[in-house]
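The tour goes from one selection to the next and says what is found at each stop.

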Amino acid sequence: MSVNTEKLTVIALAAGKGTRMKSPLPKVLHPVAGRPMIEKVIQASKGAGAAEVRVIVGHGQNLVRQVVEPMGVACYVQDEQLGTAHAVKCAKPETIEGDVVIMNGDHPLIEASDIKEFLRIFRDEKCDLAVVTANVKNPGEFGRIVRNRGDLVAIVEAKDASADTLKIKEINTGIYVVKASILAKYLPLIKNNNSKKEFYITDLISLCIADKCKVQPIISTPKVAVGVNNQAELAKATRLLFKRKAMRLMEEGVLMIDPRSAYVEESVEIGAGTVVYPNVFIRGRSKIGSFTVIESNSFISDSEVGDSVQIRAGSYLESSRLHNKVSVGPYARLRPETEIFEEAHVGNFVEMKKVKFGKKSKAGHLTYLGDAEVGEEVNIGCGTITCNYAADRKKYKTKIGNRVFVGSDTQFVAPIEVGDDAIIGSGSTITKSVPAKALAVARGKQFIKENYAPKAVEVETETEEVKK
Ligand code: UD1
Ligand code: MG
């Protein structure tokens, strides 16, 4: 038995304008669960082992190229959008060898495992051409699969279909597996004699059947058929992707209080035993450990969070790192390059940017720390501010040693260094560095002037009134 070592090339169609989206953005760049939909299609292709991915670009190609080219795919231009067959032709199939998978760029739910399965069937059955179909409740604008006594005959576009054909529930998902040689041979024969005057790739089916090629439908799931042609379909695809991710996380032992309102992007990793409250958004390259709790309305982007961390309601984390047993929030804002070490606590209405915040240190309330290094077991009193941005429009650093006690309402006018074990009196405006173990107080002195008010107001007490 010979092992099939044919090369796989994917052609992804992404040149269309997406008129029905009514949006200035090219359709395939619309984000589905956080990522441009064409990215999902390319990832699935690569995951399925495609040696080459050729993306057909046209409308908004400069923007589309910016997204797809860094993924290592080649772009082929379709200047005028004359239909899906014309688009495939632009990929120069005559220069391809082996097997080809053709996919629409607007099917973001496709996964590598789906493509692998279609390819396996295509190869096992020694097909020349296979079309992936699905049975759906509402076939709407999908092309209909027309069969005669079970055998595939043709695909008819909804716009060109008779009332009887429109009743067919088996539809064309827009995914095809085909030998490159078949593609090169039959593509030039496709005509545009249809209602849209477009060259339809779907006509390949009837052409191949007429020539006695082996053409086979592969019946797949409605999931594969989820295409995006308008905003409502975009929202549906996004919801389905978030749901799929939530289900997978739960299978891996993540606790979801309400999986319908957990917005976790596909790229995110979460450890077992972590609890995700409703209305949490976790994006990008975020990685969350085990036994961590993430409360409602928190937004976490590109951040690394350790084990047993508490992220209380309404916290906002960007490109930050939280070590084990840290607690932040409610309402903490951690801006990029912030790192909070073990068992530290960042409380409500605290903002940090480019901060290293040492083990077991605390900033409980209403504080801004920027461009700062804070040692271990430091107490940052309520209302402390680093004045890191100077009149010369440059940023300066504040460095605070271990076990420093910072009284409430302190301002550090950077650059400042505070040595270990120093104490800063409340309400100080610190403009000079403070040595280790020193006490620094920098505030107006309190003075008392007795009977200073112009006239002491005499208030008769109730008892005096009763006496009268
Ligand atoms: C197409 C199929 C239909 C199928 C459906 C599945 C045809 C004629 N019809 O219809 O049978 O049920 O997909 O979703 O193929 N594109 C180009 N250049 C063009 C035209 C389109 O690159 O000239 C791209 C679009 O950007 C899009 C994809 O091809 O990514 C599909 O085009 P679209 O207009 O959405 O086709 P459908 O009407 O959905
Ligand atoms: Mg479409």
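**Stop 1: the magnesium ion**

Select ligand 2, the magnesium ion, which is coordinated by Asp106 (OD) and Asn229 (OD1), at 2.5 Å. Donors here are N, O and S atoms within 2.8 Å of the metal (3.2 Å for Na, K and Ca), and water is not among the atoms, so sites may look incomplete. Asp106 sits in the loop between β6 (99-104) and α4 (112-124), and Asn229 in the loop between β11 (215-220) and α8 (231-251), so the pair ties together parts that are 123 residues apart in sequence. Helices (H or I, at least four residues) and strands (E, at least two) are DSSP runs, numbered from the N terminus. Asp106 has 10% relative accessibility and counts as buried; buried means under 20% relative accessible area, exposed over 50%, and partly exposed in between (1.4 Å probe, protein chains only).

This is a predicted model, in which local features need pLDDT of at least 70 and side-chain atom pairs count only at pLDDT 80 or more, while totals for chains, interfaces and linings use all residues. Residues are numbered from 1 along each chain as its sequence is written, chains are lettered from A and ligands numbered from 1 in the order in which they are written, and side-chain values use heavy atoms, with hydrogens and water left out.

**Stop 2: ligand 1**

Now select ligand 1 and the side chain of Thr84: an N or O atom of that side chain is 2.7 Å from an oxygen atom of the ligand. For Leu82 the corresponding backbone distance is 3.5 Å. How much of ligand 1 does the protein bury? Taken alone, ligand 1 exposes 750 Å², and the protein buries 91% of that (areas by the Shrake-Rupley method with a 1.4 Å probe; for residues, only the protein chains shown count as cover).

**Stop 3: Ser286**

Go to Ser286, in the loop between β16 (280-283) and β17 (287-288). Ser286 counts as buried, at 1% relative accessibility. Its side chain reaches two backbone nitrogens: that of Asp302 at 3.0 Å and that of Ser303 at 3.1 Å.

**Stop 4: Gln43**

Finish at Gln43 in helix α1 (residues 37-47). Gln43 is partly exposed, with a relative accessible area of 42%.

Definitions and conventions: Polar contact = N/O pair within 3.5 Å; in protein donor to acceptor, adjacent residues only side chain to side chain.
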